[in-house]
Amino acid sequence: MPIDAELLQILVCPEDRTPLTEAGADLVAKINAAIEKGVLKNREGKLVDEKIDGGLVRQDGQYLYAVREDIPIMLIDEAIPLSQVQ
């Protein structure tokens, strides 16, 4: 389910306060494939073992904040560095 447009307008990256955009289906699929393979780590260096339903990408494209069960996980250490999947 897509993120509510009004919510998306007010959400910003908790680290640098830049806007976020909703991740496309291709990117979500790549991330879930990496999670399934057991090779994806979050910013803290911990293995990500739970698939995501969606994601919010930071303006500079470096990090994704996972969305699970329609809830954005907006914690800096939980962000997924996109350099692992692109």
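The protein carries 9 positive and 16 negative side chains, and the centres of these two sets are 8 Å apart. Here Lys and Arg count as positive and Asp and Glu as negative, while His and the chain ends are not counted; each charge is placed at NZ of Lys, CZ of Arg, CG of Asp or CD of Glu. This is a predicted model, in which local features need pLDDT of at least 70 and side-chain atom pairs count only at pLDDT 80 or more, while totals for chains, interfaces and linings use all residues. Residues are numbered from 1 along each chain as its sequence is written, and side-chain values use heavy atoms, with hydrogens and water left out.

**Overall build**

- The protein has two helices and five strands; helices (H or I, at least four residues) and strands (E, at least two) are DSSP runs, numbered from the N terminus.
- Along the sequence, these elements follow the pattern α-β-α-β-β-β-β.
- The radius of gyration is 12 Å, which agrees with the value near 12 Å for a compact globule of 86 residues; this radius is taken over C-alpha atoms, and the globule rule is 2.2 Å times the number of residues to the power 0.38.
- Along the principal axes, the C-alpha atoms fill a box of roughly 35 × 25 × 20 Å.
- Of the 86 residues, 38% count as buried (buried means under 20% relative accessible area, exposed over 50%, partly exposed in between, with a 1.4 Å probe and protein chains only).

**The nonpolar cores**

- In soluble globular proteins, nonpolar side chains tend to be buried together.
- A nonpolar core is a set of buried Ala, Val, Leu, Ile, Met, Phe, Trp, Tyr and Cys residues joined through side-chain atoms within 4.5 Å.
- The largest nonpolar core has 15 residues, and those touching the most other members are Leu27, Ile31, Leu40, Ile52, Leu64, Leu82 and Val85.
- Helix H2 (25-37) and strand S3 (63-68) are the elements that give two or more residues to this core, and H2 gives the most, with five residues.
- Apart from this core lies another, of nine residues, including Ile3, Leu20, Tyr65 and Ala79.

**Buried residues and their contacts**

- Which residues does Ile31 touch, not counting those up to four places away in sequence? They are Leu40, Ile52, Leu64, Ile80, Leu82 and Val85, where contact means heavy atoms within 4.5 Å.
- Val28 is in helix H2 and is buried, with a relative accessible area of 11%.
- Val28 and Gly54 are 26 residues apart in sequence, yet their C-alpha atoms are 6.0 Å apart in space.
- Asn42 sits in the loop between H2 and strand S2 (54-58) and is buried, at 7% relative accessible area.
- Leaving aside neighbours within four places in sequence, Asn42 is in contact with Val48, Asp77, Glu78, Ala79 and Pro81.
- Arg68 belongs to strand S3 and counts as buried, at 16% relative accessibility.

- Most residues other than glycine have a negative phi.
- Glu69 is not a glycine, yet has a positive phi of about 50°; Asp70, also a residue other than glycine, has a positive phi near 65°.
- Glu69 lies in the loop between S3 and strand S4 (71-72), and Asp70 is found in the loop between S3 and S4.
- Are these residues buried or exposed? Glu69 counts as exposed, at 65% relative accessibility, and Asp70 is partly exposed, at 46%.
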